[in-house]
Amino acid sequence: MLVNAAEMLKKARAGKYAIGQFNINNLEWTKAILLAAEELKSPVILGVSEGAGKYMGGFKTVTAMVKAMDEELKITVPVALHLDHGSYDGCVACIEAGFTSVMYDGSHSPIEENLAKTREIIALAHKHGVSVEAEVGSIGGEEDGVVGTGEIADAGECKLIAETGIDFLAAGIGNIHGVYPENWKGLDFDALEAISKSTGGIPLVLHGGTGIPEDMIKKSISLGVSKINVNTECQLVFAAATRKYIEEGKDKQGKGFDPRKLLAPGFEAIKETVREKTRLFGGNDKA
């Protein structure tokens, strides 16, 4: 069933585990993630960037697909449909389209502007039962056109954002989108601990979950991280499985590729990635 993400993340923070947010880009990704979550009896968050929403035919199309698939597949675990790194207008559009959760990313704006617009989104979202994520200290790297410089969030600014009434907070602690470079310095746990203490127990979000070592993942969860985003890894395994299928020349039969067979290996690769990450985050059997 589709729910907002507030309650599942409160439970995750209290239980010292994290819920995976896995971004979706098409029907196959959505189905794979839902089935893996149901298999493991884990709550799950389906992330949708504004670019992915446009690609899939618009936010209303995405909402209709997810709701119908959730029903047709008889998914029993809690599922949140969440706008990832949303603009102000994108958040409004997703709330109107039936998303159950939104992220307003005001991290590129001065803190006063970030606070003001976050408050406006909260008022609208909570009126419709939609949970809200905000961000302080931009996440490094680039994801779907959203570029972050990899700032370390200021604990004082995080406190101000938390006091607006948001449901969960993304704070930059050295994490980046995409593949981590060899010279990456790792997560700043001193900053994370300070942020966790300053924000009064609000669930924290770790973006850029692909490639972070397991020990860092587990330490982050112990310090209040309750939601971990995974996108790049899904992209990589889906592409690799599809490429292998094509290179092996299967299913040609002189007629080209059957798309259902062409995308099947990538579908299975996504499912396995969701299984692995969910177990690592400790979210299995938490529904």
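Predicted model: local features only at pLDDT ≥ 70, side-chain atom pairs only at ≥ 80, totals over all residues.
**Helix α4 and its surroundings**

Helix α4 covers residues 59–72, which makes 14 residues, and the distance from its first C-alpha to its last is 20 Å, close to the 20 Å expected at 1.5 Å a residue. Within this helix, the buried residues are F59, V62, T63, V66, M69 and D70. When one looks down the axis of α4, these buried residues fall within an arc of 145 degrees, and they therefore line one face of the helix. As for what lies over the buried residues of α4, the cover includes the helices α2 (27–40), α3 (50–55) and α5 (88–97), together with the strands β2 (44–48) and β3 (79–86).

**Two lysines with positive phi**

Just after α4 comes K74, which takes a positive phi of about 55 degrees, and this residue lies in the loop between α4 and β3. K74 has a relative accessibility of 65% and so counts as exposed, since exposed residues are those over 50%. A positive phi is also found at K41, a residue other than glycine, where the value is near 55 degrees. K41 belongs to the loop between α2 and β2, and with a relative accessibility of 35% it counts as partly exposed.

**Salt bridges**

| Pair | N to O distance | Relative accessibility given |
|---|---|---|
| K117 and E113 | 3.3 Å | K117 29%, E113 33% |
| K159 and E163 | 2.5 Å | K159 38% |
| R260 and D258 | 3.3 Å | R260 70% |

K117 and E113 both lie in helix α6 (residues 111–127), where they are four residues apart, about one turn of the helix. Both members of this pair are partly exposed, K117 with a relative accessible area of 29% and E113 with one of 33%. In the pair formed by K159 and E163, the closest N and O atoms are 2.5 Å apart, and K159 counts as partly exposed at 38% relative accessibility. R260, whose side chain meets that of D258 in a salt bridge, counts as exposed at 70% relative accessibility. Salt bridges can also join into a network, as they do here among E39, E272 and R275.

**Cysteines without disulfides**

The count of disulfides comes to zero. Is C94 buried or exposed? With a relative accessibility of 0%, C94 counts as buried, and C158, also at 0% relative accessibility, counts as buried too.

Terms used: Residues numbered from 1 in each chain as written. Heavy atoms only, no water. Expected span 1.5 Å × (residues − 1). Buried < 20%, exposed > 50% of the residue type's maximum accessible area, 1.4 Å probe, protein only. Arc of directions from axis to C-beta. Contact = heavy atoms within 4.5 Å. Salt bridge = Lys/Arg side-chain N within 4 Å of Asp/Glu carboxyl O. Disulfide = S-S within 2.5 Å.
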